[in-house]
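This report walks through one protein model, from single residues to the whole chain. Please look at the sequence and the structure before reading on.

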Amino acid sequence: MPLKIIYADILLAINLAVDYLVLFGTARLAGIRFVRIKGILAAGIGAIYSLVILFDFPGIVFAATKLAVSALMIFVSFGKRKAGEFLRLLLIFYICGLLFSGFMMLINSAAKEESFFVKGGIVYFEFSAMGIVLSGTAAFVLTEIFRRILNGKNREGASVAKVFFGGKYSVLKVLVDTGNNLSDPFSGTPVAVASPESLEKILPEKVLSELKKNNLSTDFCFRYIPCKTISGSVLIPSIKPEKVIVESGGAFFEAEEILIGISGNAPENTLIIGKNVVYKE
């Protein structure tokens with residue numbers, strides 16, 4: 001039987017919970033840090049917007065306003081981003097939204113309750129609290145499965161880092177060296193260290209070739225960092241990545257300022273990070 005009455009309190013509560021879960025799922029799939037208070041504020045915006053289904057607006061108005069509100073939610077939750085990264089987050093946000101809504105409809109259909117209503121892309125369910133919990137949990141579990149597949153996370157649960165450079169990224173295991181305070185002597189920027197082989201996916205072939213020869217070169221935009229070792233002092237070429245995101249214990253941390261030093265002595269597929277690295281709030 002078609003729904004005749006929409007309760008505003010149920011509408012707000014469901015959309016607040018679902019939007020928060022969708023934003024959290026977006027952060028997990030995108031591999032970026034999720035700040036709870038920002039997520040709640042963004043979800044609140046989405047919940048308030050859901051009230052528009054109580055009014056009769058043309059479909060094009062719903063579509064345009066929904067896109068604008070979705071973009072605002074992404075901005076509030078994840079902050080200012082480059083255009084390409086922002087669009088990627090927006091796309092992931094919509095994919096997660098479809099995933100969560102699909103699970104709710106599936107459970108609603110299995111329960112044989114004709115109690116959902118869709119208008120302008122906003123879904124209203126006369127759902128029990130248990131139904132919301134079950135569908136949200138199922139969708140979140142599937143999101144986690146997708147995230148683990150896409151990120152290629154190792155099964156041991158060790159910390160991993162995504163190093164972004166040149167529009168690409170490499171996923172490396174993290175080795176925290178508390179005795180490492182390597183930094184750029186001019187700017188004070190902390191320097192993490194990886195081998196050339198660990199960065200093959202993101203560095204141009206010409207750059208890799210020079211690095212593997214261990215030649216000092218002025219042909220590329222390297223910063224050479226002085227480093228003291230047991231055998232003496234050496235200069236380590238370094239690059240400035242677009243960003244470095246570390247995942248540890250299910251939480252994501254983005255390095256505030258960091259350089260990646262490239263050394264053939266570093267372990268394979270590993271990023272050595274010192275205790276002087278600062279992470280964004």
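Lysine 240 is partly exposed, with a relative accessible area of 44%. Its value falls between the cut-offs, since buried means under 20% and exposed means over 50%. This is a predicted model, and the values in this report are computed from it.

The side chain of lysine 240 meets that of glutamate 257 in a salt bridge, at 2.9 Å from N to O. The two residues sit in loops: glutamate 257 between strand 9 (251–254) and strand 10 (259–262), and lysine 240 between strand 7 (232–239) and strand 8. The pair links distant parts of the chain, 17 residues apart. Glutamate 257 is partly exposed too, because its relative accessible area is 41%, which lies between 20% and 50%.

## Other salt bridges

How many salt bridges does the structure hold? There are 4. As a general point, side chains of opposite charge can pair when their charged atoms come close.

In one of them, lysine 243 and glutamate 85 meet through their side chains, at 3.2 Å from N to O. Lysine 243 belongs to strand 8 (residues 243–248) and glutamate 85 to helix 4, so this pair ties together parts that are 158 residues apart in sequence. Lysine 243 and glutamate 85 are both buried. For glutamate 85 the relative accessibility is 16%, and helix 4 covers residues 83–110. Apart from residues up to four places away in sequence, glutamate 85 touches Ile32 and Lys243.

Another salt bridge joins aspartate 184 and arginine 223, with the closest N and O atoms 3.6 Å apart. Aspartate 184 is in the loop between strand 4 (168–177) and strand 5 (191–194), while arginine 223 is in strand 6 (residues 223–229), so the pair links distant parts of the chain, 39 residues apart. Are these two residues buried or partly exposed? Aspartate 184 counts as buried, at 7% relative accessibility, whereas arginine 223 counts as partly exposed, at 37%.

In soluble globular proteins, nonpolar side chains tend to be buried together. The largest nonpolar core here has 29 residues, and Leu23, Ile32, Ile74 and Phe78 touch the most other members. Helix 1 (8–30), helix 2, helix 3 and helix 4 each supply at least two residues of this core. A second, separate core has 23 residues, including Val163, Leu199, Ile239 and Ile258.

Phenylalanine 78 is in helix 3, which runs over residues 59–78. Its relative accessible area is 7%, so phenylalanine 78 is buried. Leaving aside neighbours within four places in sequence, phenylalanine 78 is in contact with Leu23, Thr26, Ala27, Ile32, Arg33, Phe34 and Leu89. The C-alpha atoms of phenylalanine 78 and lysine 38 are separated by 7.7 Å, although the two residues are 40 apart along the chain.

## A nonpolar patch on the surface

Some nonpolar residues are found on the surface: Ile37, Ile40 and Leu41 form a patch there, with about 300 Å² of accessible area together. Isoleucine 37 lies in helix 2, residues 36–49. Isoleucine 37 counts as exposed because its relative accessible area is 53%, and the cut-off for exposed is over 50%.

## Cysteines

Which cysteines can be checked for burial? Cysteine 96 counts as buried, at 1% relative accessibility. Cysteine 227 is buried as well, with a relative accessible area of 17%. A search of the whole structure finds 0 disulfides.

## The whole protein

The protein has 281 residues, of which 41% count as buried. Its secondary structure comes to 6 helices and 11 strands. The protein exposes about 15500 Å², and carbon and sulfur atoms supply 63% of that area.

The contacts can also be sorted by separation along the chain. Among those between residues at least 6 apart in sequence, 65% join residues at least 24 apart.

Definitions and conventions
Residues are numbered from 1 along each chain as its sequence is written. This is a predicted model: local features need pLDDT of at least 70, side-chain atom pairs count only at pLDDT 80 or more; totals for chains, interfaces and linings use all residues. Side-chain values use heavy atoms; hydrogens and water are left out. Patches are made of residues with over 30% relative accessible area and no salt bridge: like charges are joined within 9 Å, nonpolar side chains (Val, Leu, Ile, Met, Phe, Trp, Tyr) within 5 Å. Accessible areas come from the Shrake-Rupley method with a 1.4 Å probe; for residues, only the protein chains shown count as cover. Helices (H or I, at least four residues) and strands (E, at least two) are DSSP runs, numbered from the N terminus. Buried means under 20% relative accessible area, exposed over 50%, partly exposed in between (1.4 Å probe, protein chains only). Contact means heavy atoms within 4.5 Å. A disulfide is a pair of cysteine sulfur atoms within 2.5 Å. A nonpolar core is a set of buried Ala, Val, Leu, Ile, Met, Phe, Trp, Tyr and Cys residues joined through side-chain atoms within 4.5 Å.
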